[in-house]
Amino acid sequence: MNATELFPGIWHLGANISKDNLFEGMWPIPHGVSLNSYLVEGKDIALIDLVRDWEDAPGEIEKQLGQLGVDIQRIRYLVLNHLEPDHTGWVPGFKQRNPGVEIVTTKKGAELVDTFYHITDNVRVVKTGDSIDLGGGKVLRFYEIPNVHWPETMATYEVSSKALFPCDAFGSFGKIGDRIFDDQLSEEEHAFYEFESLRYYANIVASFSPFVERAIKALEGLEISAICPSHGIIWRRHPERIVERYARYASYYKGPAEPEVTLIWGSMYDNTAAATDAVREALLESGITFHEYRVPEQDFSHILAHAWKSQGLILGMPTYEYHMFPPMAHTIDILGRKHVRGRTVFWYGSFGWSGGAEREFNELAERHKLGWEVVGKADFRGNPTAEDLSRLKREVAAFVEKVRERARTSA
């Protein structure tokens, strides 16, 4: 990547991470992800957010600083909006190269600078409304947005350009190329980033949705010309679009979600798979938008993205050793950990000598306080009969109407 000027005296610096890695050690990134940093130059220079030593991301940042003729030792302020190591892992190496740099972060951020990197000198603690005048017309102002998605998080606002640097807030999976701005992308590319921002939100931020809403409220008085996140594209023509998108994603936390269905199922010996054919047929006949995933063949990251936005969940869960089929149990546990609450649910599945899936399902729903409305269930012994399949189709059709009704009455 190359350094890209956003505004006079403000540049994007960044590195792309390949598809062969896992984000946070567990989420697949089949289209990679970008790590974005930003340089603001007045009479003094500030660097906003860093990278970690991941596929030589520090080397990329140094190369781009070289393109701008900026030596690391000239950087006076290192602003750390968020202390997660993908944005701060290079802090020790950076400080070794520039011992006099002043780290700027929140009070809780300063605690983590010490905890993670054992650095306590030249750390400036800021709070909402504090600012740093870089000279030359460049002023950085800080706004705390805690729990988006760690407690120490803040956003930095550059007053002259009206650019907002919110770190993980308003971010997305997906590598970026030489065209990094929203107004440079085609509709097809925007559709790609829309899903990758949904997947990023559901995987990383969803549990903190109430805090996302508070952050949007806290920032709504700012005149914003561009939103420059730490992952994904920069929004300079229509920054309101990514804010509206995040506000919509956050609203799914308390429901209702979209009038769509996510079908998640697993099968050991094709008995539940045979029933799934009938479920799929009923969904197609209903005309409702639905997304289908089989576990463990397909990854939870994508399942979670569609489950987060769908009001309806259909779960195909056979019994395994008096419990639920383990990949389905793990899926429901993930949905619970990410607070996919208030959904309308139907489940079905095969059992052999005895059931047991329902008991574990109920235990998981109660443990995570999911508040799911189970409007139907259909379990059957062994291979489903023609009567089982006919009943299943009728009940799925009724379930779809319940999903649509919930969306209509709560719109």
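**Contacts, charges and a helix pair**

Modeller: Leaving aside neighbours within four places in sequence, Asn 81 is in contact with Ile 48, Asp 49, Glu 152, Thr 153, Met 154, Ala 155, Thr 156, Phe 165 and Cys 167. Please keep in mind that this is a predicted model.

Biologist: Where is Asn 81 found, and is Asn 81 buried or exposed?

Modeller: Asn 81 lies in the loop between strand 7 (75-79) and helix 2 (85-88). Its relative accessibility is 0%, so Asn 81 counts as buried.

Biologist: What separates the C-alpha atoms of Asn 81 and Ile 145?

Modeller: Those two C-alpha atoms are separated by 9.4 Å, while Asn 81 and Ile 145 are 64 residues apart along the chain.

Biologist: Switching to charges, how many salt bridges does a search of the whole structure find?

Modeller: The search finds 25 salt bridges across the whole structure. One of them joins the side chains of Arg 236 and Asp 183, with an N to O distance of 2.8 Å. That pair links distant parts of the chain, since Arg 236 sits in the loop between strand 14 (226-227) and helix 7 (239-251), and Asp 183 sits in the loop between strand 13 (163-165) and helix 5 (187-205), 53 residues apart.

Biologist: Which other residue forms a salt bridge with Asp 183?

Modeller: Asp 183 also forms a salt bridge with Arg 237, where the closest N and O atoms are 3.9 Å apart. Taken together, Asp 183, Arg 236 and Arg 237 are linked in a network of salt bridges.

Biologist: And how exposed are the members of that network?

Modeller: Arg 237 has a relative accessible area of 55% and is therefore exposed. Arg 236, at 34%, counts as partly exposed, and Asp 183, with 28%, is partly exposed as well.

Biologist: What about Asp 277, which residue does Asp 277 pair with in a salt bridge?

Modeller: Asp 277 pairs with Arg 280, and the closest N and O atoms of that salt bridge are 3.0 Å apart. Because the two residues are three apart in helix 8 (residues 271-286), Asp 277 and Arg 280 are separated by about one helical turn. Asp 277 is partly exposed at 43% relative accessibility, and Arg 280 is partly exposed at 23%.

Biologist: Now helix packing: how do the axes of helix 6 and helix 7 cross?

Modeller: The axes of helix 6 (residues 209-219) and helix 7 come within 8 Å and cross at roughly 145°, and the crossing is left-handed. On the helix 6 side, Ser 209, Val 212, Glu 213 and Ile 216 take part, and they meet Val 243, Tyr 246, Ala 247, Ala 250 and Ser 251 in helix 7. Sorted by class, that contact has six nonpolar, two polar and one charged residues.

How values were computed:
Residues are numbered from 1 along each chain as its sequence is written. This is a predicted model: local features need pLDDT of at least 70, side-chain atom pairs count only at pLDDT 80 or more; totals for chains, interfaces and linings use all residues. Side-chain values use heavy atoms; hydrogens and water are left out. A salt bridge is a side-chain nitrogen of Lys or Arg within 4 Å of a carboxyl oxygen of Asp or Glu. Helices (H or I, at least four residues) and strands (E, at least two) are DSSP runs, numbered from the N terminus. Buried means under 20% relative accessible area, exposed over 50%, partly exposed in between (1.4 Å probe, protein chains only). Axes are lines fitted to C-alpha atoms, for helices over the stretch in contact, and angles run from 0 to 180 degrees between N-to-C directions. A crossing is left-handed if the near helix is turned anticlockwise from the far one by less than a right angle, and right-handed if clockwise. Contact means heavy atoms within 4.5 Å. Ala, Val, Leu, Ile, Met, Phe, Trp, Tyr, Cys and Pro count as nonpolar, Asp, Glu, Lys and Arg as charged, and the others, Gly among them, as polar.
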